Amino acid sequence: MHQIPIPAGMETAFFVLGKQVLPELPELLECAFPGKTFCLIADENTWRAAGHQAAGHLEKAGIPMIRPVIFPAEPGLHPDYAISQQMAADFNDTVIPVAVGSGVLNDLVKCAAGMAGIPYACVATAASVDGYTAYGGAMSVDGKKITVPCPAPYALLADTDVLAAAPPAMLASGYADLMAKIPGGADWLLAAELGIDPVNEPIWNMVQQDLRTWLADPTDLNHIFTGLAATGFAMQLYRDSRPASGAEHLLSHVWEMEGLAVDGQSVSHGFKVGIGSVAVVQLMDFLIRTPVETARRMAQPLPTRTEREDQIRNLLKKGCYGSGIPETAMAKFQDGDAALARQQAIFDKWPVLQQKLRRQLFPEDEMISLLRRAGAPVEYTAIGLDREQYLHGIRTAQLIRRRYTILDLLYESGLLEPAIQTLR
Ligand SMILES: [Zn+2]
């Protein structure tokens, strides 16, 4: 089998990746789940892409299977918690579910298997997300997007010929999600330098050490899938998405909650994150380019508690962001001496922060040209945003999570608005 070595301590024990490795599925399942019966779960598209062939290989090898579950292609599946609940009710511990699909389908099965307390396997059909190997699934529970805790697949197989046949936009989306690890990593460095969130060296290396190699060729599926999987493994070990996501993901969450769509089709996670990455790199570039004396001069007065509460109310007035956000935003708000001390700490560290960012980031042009080559959008208008919604997203993204990013750093130094004014 074309097994890829997996770091110790993972929920995922088997990872097969390579060209034409789908015929290795029977061997993989027998090794990973001896004596079990299997149930393939796909939708009509992924069944055509790999499910049908997978079933043929299993049948030929005499692997016991029950009737596959095949969801209709239209309307597209949603990561609806209720679907997972229904699936879980049908599972039992003699049958191992095998998700044949990408983001949503894998998350639905992952979540269902987690509820039923059984392991599962996944046959990837697109290099579109880093969530295959991550702990937890991005689900919508009563209309609200949350990450439901559930174990990653015990066995994963990705045949690069299958991945190559996926719609090109899915690969572009996965590539953009991998690119996001560049600014995402930069956010972690900033948080670490300010003593807020220390970098975990081994986890950092899992994602960042080879990242530029994985990103070098936007058509190299082996590298891109390896990078996405490695990121998922890092999240599995860290039990948090910090190794994989920073402010660019917060931006994508805001646009997601606003129901961003182009021609009635919702915009993929990777495309939102790609545009988020472009915005974040421009904000970081503001920090890199601005000498500390200038930064001090430009800094706006920090708001009082009441002013901040008003700002937050104003930013959330669309009302689509769920509950709890004002509390999250106010929990990290500081005023008075504490706010001034943080601002001072940021300016004291400014030259070090500039240096860290310079080393971590691609120059903006290079990042944009790689995203373009991958087929990912690089202008916010291409994902259905006008300038107002784009800038509003940047101000709002800072409110929605505790995770410390460039948005917090700029906000706390009184420079978020001046930096936003420089965005192209
Ligand atoms: Zn992502």
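This is a predicted model: local features need pLDDT of at least 70, side-chain atom pairs count only at pLDDT 80 or more; totals for chains, interfaces and linings use all residues.
Figure 1. Helices are DSSP runs of H or I of at least four residues, strands are runs of E of at least two, and both are numbered from the N terminus. Residues are numbered from 1 along each chain as its sequence is written. The C-alpha trace spans about 75 × 40 × 40 Å along its principal axes. Of the 424 residues, 47% count as buried. A residue is buried if 20 or more other C-beta atoms, placed from the backbone, lie within 10 Å of its own; it is exposed at 12 or fewer and partly exposed in between. Among contacts between residues at least 6 apart in sequence, 79% join residues at least 24 apart. Contact means that the C-beta atoms, placed from the backbone, lie within 7 Å.

**Figure 2. Helix α6 against helix α12.** The view covers residues 168-179 of α6 and residues 269-289 of α12. Their axes come within 7 Å and cross at roughly 40°. Axes are lines fitted to C-alpha atoms over the stretch in contact, and angles run from 0 to 180 degrees between N-to-C directions. α6 and α12 are therefore oblique to each other. Angles under 35 degrees count as roughly parallel, over 145 as roughly antiparallel, 65 to 115 as roughly perpendicular and the rest as oblique. The crossing of α6 and α12 is left-handed: in such a crossing the near helix is turned anticlockwise from the far one by less than a right angle, while clockwise makes it right-handed. Residues making the contact include Ala 172 and Met 179 of α6 and Phe 271 and Val 273 of α12. By class, the contact of α6 with α12 has 5 nonpolar, 6 polar and 1 charged. Ala, Val, Leu, Ile, Met, Phe, Trp, Tyr, Cys and Pro count as nonpolar, Asp, Glu, Lys and Arg as charged, and the others, Gly among them, as polar.

**Figure 3. Helix α3 against helix α4.** Here the axes of α3 (residues 81-90) and α4 (residues 103-116) come within 8 Å and cross at roughly 50°. That makes α3 oblique to α4. The crossing is right-handed. Ile 83 and Met 87 of α3 are among the contact residues, as are Leu 108 and Met 115 of α4. The contact of α3 with α4 has 9 nonpolar, 2 polar and no charged residues.

**Figure 4. The buried residues of helix α8.** In α8 (residues 201-208), Met 206, Val 207 and Gln 208 are buried. The buried residues of α8 pack against α7 (181-193), α9 (211-215) and α10 (221-238).

**Figure 5. Ile 196, in the loop between α7 and α8.** Ile 196 has 16 C-beta neighbours inside 10 Å and counts as partly exposed. Leaving aside neighbours within four places in sequence, Ile 196 is in contact with Ala 191 and Tyr 404.

**Figure 6. Asp 365, in helix α17.** Helix α17 covers residues 364-374. Asp 365 is exposed, with 8 other C-beta atoms within 10 Å. Val 278 lies 87 residues from Asp 365 along the chain, and their C-alpha atoms are separated by 9.8 Å.

Notes:
Two residues are in contact if their C-beta atoms, placed from the backbone, lie within 7 Å.
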